[in-house]
Amino acid sequence: MASTIRVRATSTGDITEVQALIQHPMDSGFVKDAKGEIIPAHFIQQLTFEYEGKPVFVADWGGGISKDPYVKFAFKGGKKGDDLKVSWVDNKGATDTTTAKIV
Amino acid sequence: MNVRSAIHFTSAALTLAMLALTPPATAADKIDPVADAKAFQKFFTDKFPKLKPEDFANGPYSMNEDLHRQWVEKEQFPPYEFSLEMGKEMFSTPFKNGKSYADCFPNKGIGIRQNYPYFDDKEGKVITLELALNRCREANGEPQLSYVRDEMAALTAYMAFTSRGKAFDIKIPNDPRAIEAYQSGKEYFYTRRGQFNFSCATCHVQSPGERIRAEVLAPALGILNAMPIYRSEWSGMGTTSRRFTTCNSQIRGVPLNPQDDEYRNLEYYLSYVSNGLPISGPGARP
Amino acid sequence: MTPTESGISRRLILQGAGLALAGLGNVAFNLAPALAAANDKYPEEAFKQKGEADAIKLLYGKTAEASDKVKLDAPEIAENGSVVPVAVSTTLGDVTSIAFLVSDNPNALVASYKIPAGTVPSVANRIKMAKTSNVIVVVEAGGKLYSATKEVKVTVGGCGG
């Protein structure tokens, strides 16, 4: 699994709860390294969750979000076996995407 | 409580603790690990009667409600997740010579973490899990791993994970060298060192649940059960070796090298007196 | 759409582009994604603001009133300033956006979440706090802004363990 994204999407009744943990340094650009030099800003700017082609949650993040960021939310809809697409783009233009099954 | 009375109180408590934990005067030659472990566990369960035995494996999180809630939130999707995944992958990847970690360990290395450390009668020394892993690598032509972080932490995280819930089951064979190693670990634990003149017991026997500056102290009972740990302070994983060496530095003492005899014996002692408590690793800590 | 500076300039560009299109006849339809993206734009300027008032102004164009219908869940004392779990839930209806700010962070805005219709107005995340500070959560509901604030203490120093 080379993706940086880990997702757990569980459907209970008519609500699907989603938790995501993403492997990313989320460097704010304010921290110095051992040599006293600033570690450049490197963080996810936008994280999108899509269900049936439509966004159900969009996160706009800054460097103030913790390393290996986590988020939890829930949306109405989603059935077991359906797909949930998760993708992010960071301030360097890097991206990653994964599709998780709702369980 | 002002500083002076705090010192008096803690000295008294330490003395009491020592008395509680050493055998009666007539048996000065007789080291009794069984009695030690019983007294050790009783000390903590008496001090924290509301805690279940397995709660002690959660360190400061069982000592403070505010910390506990933050921990529960993070455990939903824990910060050590990536290290654990890496560990599983590393563990199942063969060495260049075709063999793998499974060949070095009983039961292919699965569900055995609770048996470490053990006393090796051929070598006459305590063998820890971290040491065993590096020896396995050496025996198979692979370079040694740093004992304190990254790959070693990932491997031990995976092995701990396969033992989650299993009780520590450390054995002290009827061998004077093993008894001596155990006793040596115990003495290390209670010996003051460093500029701060703290022993491990100063914080973890006398002051569990209290604060050292801004941090809440963990009880010594169960303190290794969650290893290796993802510490917020490190923003990363660390092993038992990492914690022993950094603690020595933090009390302004000179740390030993990871896996030096004293540390191996210390781990032996600490693990033995927590026998019966479940492995909870890998864990998260502040 | 909130009238942010970039929103206005995009509209001008699109209007200009529309006029140009009319003049050109056959043109590849790559304006459609740009239009769709207009609502999804990352609020870069808001994230660059030092203070929370400026960040909120840029993000929403209005000010928030404190509301007990916004429930902010944050610790008393953060275990560690680098990972502080905070969450919000609200009984307000018609929620379209939720934002988290930390007054004494170098840039106050930490996160802004778009809540489409059908998504529960409740978010949990883990944020960095440079020091003891107010954590502010802002909820945009029915076109108005509501907020809740809690001071979270961040300590430095200890022995660890």
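Two strands pair, in these notes, if DSSP finds at least two bridges between them. Helices (H or I, at least four residues) and strands (E, at least two) are DSSP runs, numbered from the N terminus.

The model is predicted: local features need pLDDT of at least 70, side-chain atom pairs count only at pLDDT 80 or more, and totals for chains, interfaces and linings use all residues. Residues are numbered from 1 along each chain as its sequence is written, and chains are lettered from A and ligands numbered from 1 in the order in which they are written.

I looked up the strand order and found an open sheet of six strands, β1(A)-β2(A)-β5(A)-β6(C)-β3(C)-β2(C), with antiparallel pairing. From one strand to the next the twist averages 15°; angles run from 0 to 180 degrees between N-to-C directions, and axes are lines fitted to C-alpha atoms, for helices over the stretch in contact.

I then took β1(A) with strand β2 (residues 15-22) of chain A: eight bridges join them in the antiparallel sense. Opposite Thr12(A) I find Ile15(A) in β2(A).

**Entry: Thr95(A)**

I placed Thr95(A) in strand β7 (residues 95-101) of chain A. Thr95(A) counts as exposed because it has 11 C-beta neighbours inside 10 Å. The cut-offs, with C-beta atoms placed from the backbone, are 20 or more other C-beta atoms within 10 Å of a residue's own for buried, 12 or fewer for exposed, and partly exposed in between. Leaving out residues up to four places away in sequence, Thr95(A) touches Ser87(A), Trp88(A) and Val89(A); contact means C-beta atoms, placed from the backbone, within 7 Å.

**Entry: chain C**

I count four helices and eight strands in chain C, in the pattern α-α-α-α-β-β-β-β-β-β-β-β along the sequence. Of its 161 residues, 39% count as buried. Among contacts in chain C with a separation of 6 or more, 63% join residues 24 or more positions apart.

**Entry: chain B against chain C**

I find 21 residues of chain B in contact with 15 residues of chain C. On the chain B side, α3 (65-75) and α9 (240-250) are the elements that give two or more residues. The largest share, six residues, comes from α3(B). This side of chain B divides into eight nonpolar, four polar and nine charged residues. Ala, Val, Leu, Ile, Met, Phe, Trp, Tyr, Cys and Pro count as nonpolar, Asp, Glu, Lys and Arg as charged, and the others, Gly among them, as polar.

**Entry: α7 and α10 of chain B**

I looked up helix α7 (residues 176-190) and helix α10 (residues 261-272) of chain B: they pack at an angle of about 90°, with axes 7 Å apart. α7(B) is therefore roughly perpendicular to α10(B); the class covers 65 to 115 degrees, with under 35 roughly parallel, over 145 roughly antiparallel and the rest oblique. The contact includes Tyr182(B) of α7(B) and Tyr272(B) of α10(B). By class, I have nine nonpolar, three polar and two charged residues in this contact.

**Entry: nonpolar cores**

A nonpolar core is a set of buried Ala, Val, Leu, Ile, Met, Phe, Trp, Tyr and Cys residues joined through C-beta atoms within 7 Å. In the largest, of 69 residues, Ala157(B) and Tyr272(B) touch the most other members. Helix α6 (residues 150-161) of chain B gives the largest share, eight residues. I also noted another core, apart from this one, of 67 residues, among them Phe49(A), Phe57(A), Val83(C) and Ile115(C).

Note on methods: Contact = placed C-beta atoms within 7 Å.
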